[in-house]
Amino acid sequence: MAANVMEIYGSKVFNEHVMKERLPSATYKSLKDTLHKGAPLDIEVANVVASVMKRWAMEQGATHFTHWFQPLTGATSEKHDSFVSPVGDGTAIMEFSGKELVRGEPDASSFPSGGLRATCEARGYTAWDPTSYAFVKDDVLCIPTAFASYTGEALDKKTPLLRSMKALSDQARRILKLFGKNVDYVSTTVGPEQEYFLIRKEDYETRQDLILTGRTLFGAPAAKGQELEEHYFGTIRPRVSAFMKELDDVLWELGIPAKTKHNEVAPCQHELAPIFDTTNVAIDHNLLTMEMMQKLAPKYGLVCLLHEKPFEGVNGSGKHNNWSMSTSKENLLDPGDTPMENLQFLVFLAAVIKAVDEYADLLRTSVATPGNDHRLGANEAPPAIISIFMGEELEAVIDAIASDSPYAGPVKVKMDLGVDVLPKFSKDTTDRNRTSPFAFTGNKFEFRMPGSHENLSDANTILNTAVAKELKGYADELEASDDFPDSVIALVKRTIRDHRRVIFNGDGYSHEWELEAERRGLPNKKYTPAALPALIDPKNIALMEEFGVMTRVEMESRYEVEMEHYAKIINIEALTMLEMARKQLLPAINRYMSELANTAATKLAVSESLSVRSETKTLAQLSKDADEMSDAIDALAAAQQEAQKLGDMTAKANTFHDKVLPCMETLRAVADDAETVCGEEYWPLPSYSKMLHYV
Ligand code: ADP
Ligand code: MG
């Protein structure tokens with residue numbers, strides 16, 4: 001088995017190993033400079049790479065190539081072009097040029113652009129991201145690319161991400177230089193933990209809500225939910241285990257380092273985590289992982305649900321974004337062994353604290369989606385308030401630094417904050433606070449707010465840029481000072497004093513924290529249309545423009561796209577509910593009522609002395625539910641029409657939230673009540689018990 005894994009690992013990837021083996025050495029060297037030092041790539045090199053890449057891909061069975069990119073929908077897009085090129089005598093050769101590798105011109109007109117289209121026509125082009133390896137999937141050579149308009153506006157998620165990685169690298173290198181280190185590049189790393197549900201295909205196929213919206217819009221709670229806490233890390237069911245094994249193989253072939261897999265808290269819920277990688281690569285891999293999960297599940301009679309909240313009443317799914325910064329030699333968030341190393345660590349740590357506090361509102365936008373609104377603050381995920389968990393020991397160090405008081409932490413070092421006596425802190429004492437949205441976990445931060453279905457580019461673009469901003473401020477200050485260690489300590493101290501409010505080690509799920517956070521002045525935007533305006537806040541636009549990550553126009557377009565997306569999703573959900581309630585649920589209730597009424601009438605016809613109490617009671621409840629459902633349907637239809645009429649995106653998204661969502665909840669509540677008494681054979685939808693426990 002082990003040998004087999006080593007054989008298949010990366011076998012579908014045009015990785016450095018393949019490049020080294022197959023490219024002429026001069027070409028390999030220039031490509032390597034591009035990969036590791038961000039050097040520009042010239043067309044002659046691209047031509048050689050393209051021809052070698054084509055030959056390699058054809059050996060893997062590829063007949064087509066595609067520029068694989070990430071439009072603002074967050075999903076991936078591909079348009080396949082064959083290598084075939086007729087030569088005029090009725091035969092054809094297989095061609096692929098450097099130009100085709102480096103640049104593509106998809107018709108951009110049908111992707112969301114949030115007004116960018118108007119300013120730059122519909123056209124756009126894709127540009128090769130050579131730092132993320134090309135791969136073969138389904139007989140197609142896939143080339144990871146960025147997608148931009150002809151006037152240079154980013155029309156995708158990858159372009160701003162790559163810009164933010166460069167911004168962070170530039171500023172982090174300045175800081176490292178002050179510590180006497182010359183490095184070529186500082187990369188940000190991400191390890192995303194992907195949660196998902198697997199349910200039976202036959203259940204899925206009977207539920208229009210799951211098919212159209214990814215979540216159940218109706219469904220009374222199962223008699224048993226997750227309260228026994230037996231699923232988490234429990235034995236993996238054979239069918240699921242078989243799925244997971246093949247998934248691992250498929251991912252390994254694509255060079256995706258799938259590492260851990262286990263059952264999660266909710267019944268039918270699972271998690272997969274890879275080993276971390278450079279951010280853009282990790283995100284490409286995560287998108288591929290989600291695609292493969294969904295493609296493979298039906299082979300096992302299963303469907304993979306990636307929605308953030310497929311079922312009410314049990315946990316939803318998230319995607320923890322483990323994040324750090326590193327050079328080729330060291331992880332910059334790893335506390336070191338010497339005082340000087342620790343000082344360097346504290347500078348990077350302070351920059352993250354300051355960045356998260358100052359741009360919490362912007363970071364919040366990156367996880368604002370209609371699906372994630374059901375998770376955040378729902379006792380299963382962090383609240384919508386962003387705070388940082390440090391762990392007891394690190395917090396004691398930080399407090400000692402900020403207050404000039406002796407540090408009396410576990411290592412019992414008295415310190416007067418001279419650099420010689422900065423304490424040596426151990427790495428593994430960070431306790432696992434699962435309720436914090438942004439937790440320091442020993443040598444990285446874990447951002448736990450992203451939803452399971454998200455493209456993590458937005459979150460990392462914002463995080464990288466905000467940290468770059470703080471590092472820039474530090475570098476400006478420190479480069480101008482002449483007593484280096486003292487200035488560094490002063491700066492760390494100041495940062496911690498000024499931004500202490502964002503640090504919170506307690507229970508993030510508690511109501512007390514919400515009140516405390518309000519006293520501290522921390523933002524708490526509870527739902528998507530409330531959170532998104534931070535995208536167009538002048539402070540945040542200034543941040544993105546300062547580092548060339550996004551322009552004002554690009555930020556505004558994203559605001560439009562996200563607001564519109566919210567309105568569209570709620571609209572689809574509302575219409576799906578109306579259709580299901582009118583065409584499936586009410587008729588079912590009526591059929592069952594008629595059965596009950598017939599039974600009662602028949603009984604009475606046989607003998608007046610037979611009791612019809614049971615039939616009457618159930619009929620009374622169902623009849624009341626049916627009336628209330630009918631009213632709730634009218635109210636929802638009216639609210640949906642009112643919201644859908646609005647032209648202004650901000651007003652529209654807010655109306656969907658304020659008016660349509662409450663009507664959806666009312667309709668669901670009565671329908672779910674009817675489900676609890678309606679005969680099983682009459683109810684047209686598989687129940688929560690069936691879906692969650694019969695797999
Ligand atoms: P958990 O207990 O939360 O599951 P793990 O330590 O297993 O945490 O790590 C979870 C994820 O964090 C994995 O994907 C892992 O590769 C990733 N990770 C570890 N170190 C780093 C790092 N320096 N940068 C980014 N991600 C990291
Ligand atoms: Mg984790």
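A residue is called buried if 20 or more other C-beta atoms lie within 10 Å of its own, exposed if 12 or fewer do, and partly exposed in between, with C-beta atoms placed from the backbone. Helices (H or I, at least four residues) and strands (E, at least two) are DSSP runs numbered from the N terminus. With that in hand, take helix α15: 18 of its 23 residues are buried, so the helix is mostly covered. This helix covers residues 457-479 and reaches 32 Å from its first C-alpha to its last, close to the 33 Å expected at 1.5 Å a residue; the expected span is 1.5 Å times one less than the number of residues.

A word on what you are looking at: this is a predicted model, in which local features need pLDDT of at least 70 and side-chain atom pairs count only at pLDDT 80 or more, while totals for chains, interfaces and linings use all residues. Residues are numbered from 1 along each chain as its sequence is written, and chains are lettered from A and ligands numbered from 1 in the order in which they are written.

Next, follow helix α21, residues 613-645, which spans 48 Å between its end C-alpha atoms, close to the expected 48 Å. Its buried residues include L619, L622, M629 and I633, as well as D625 and Q640. The buried residues of α21 pack against α20 (552-606) and α22 (649-677), where contact means C-beta atoms, placed from the backbone, within 7 Å.

Now to the ligand. Ligand 1 is surrounded by 14 residues, and the closest are T189, G191, F276, N322 and S324; a residue counts as near if its C-beta atom, placed from the backbone, lies within 6 Å. Strands β10 (187-200), β12 (269-274) and β15 (319-326) each supply at least two residues of this shell, and β10 gives the most, with 4 residues. By class, the shell holds 6 nonpolar, 6 polar and 2 charged residues. Here Ala, Val, Leu, Ile, Met, Phe, Trp, Tyr, Cys and Pro count as nonpolar, Asp, Glu, Lys and Arg as charged, and the others, Gly among them, as polar.

Finally, visit the loop between β8 (134-137) and β9 (140-149), where D138 lies. Phi of D138 is near 55 degrees, a positive value in a residue other than glycine. D138 is exposed because 12 other C-beta atoms lie within 10 Å. D139 is found in the loop between β8 and β9 too, with phi near 65 degrees, again positive in a residue other than glycine. D139 has 13 C-beta neighbours inside 10 Å, so it counts as partly exposed.

Technical notes:
Contact = placed C-beta atoms within 7 Å.
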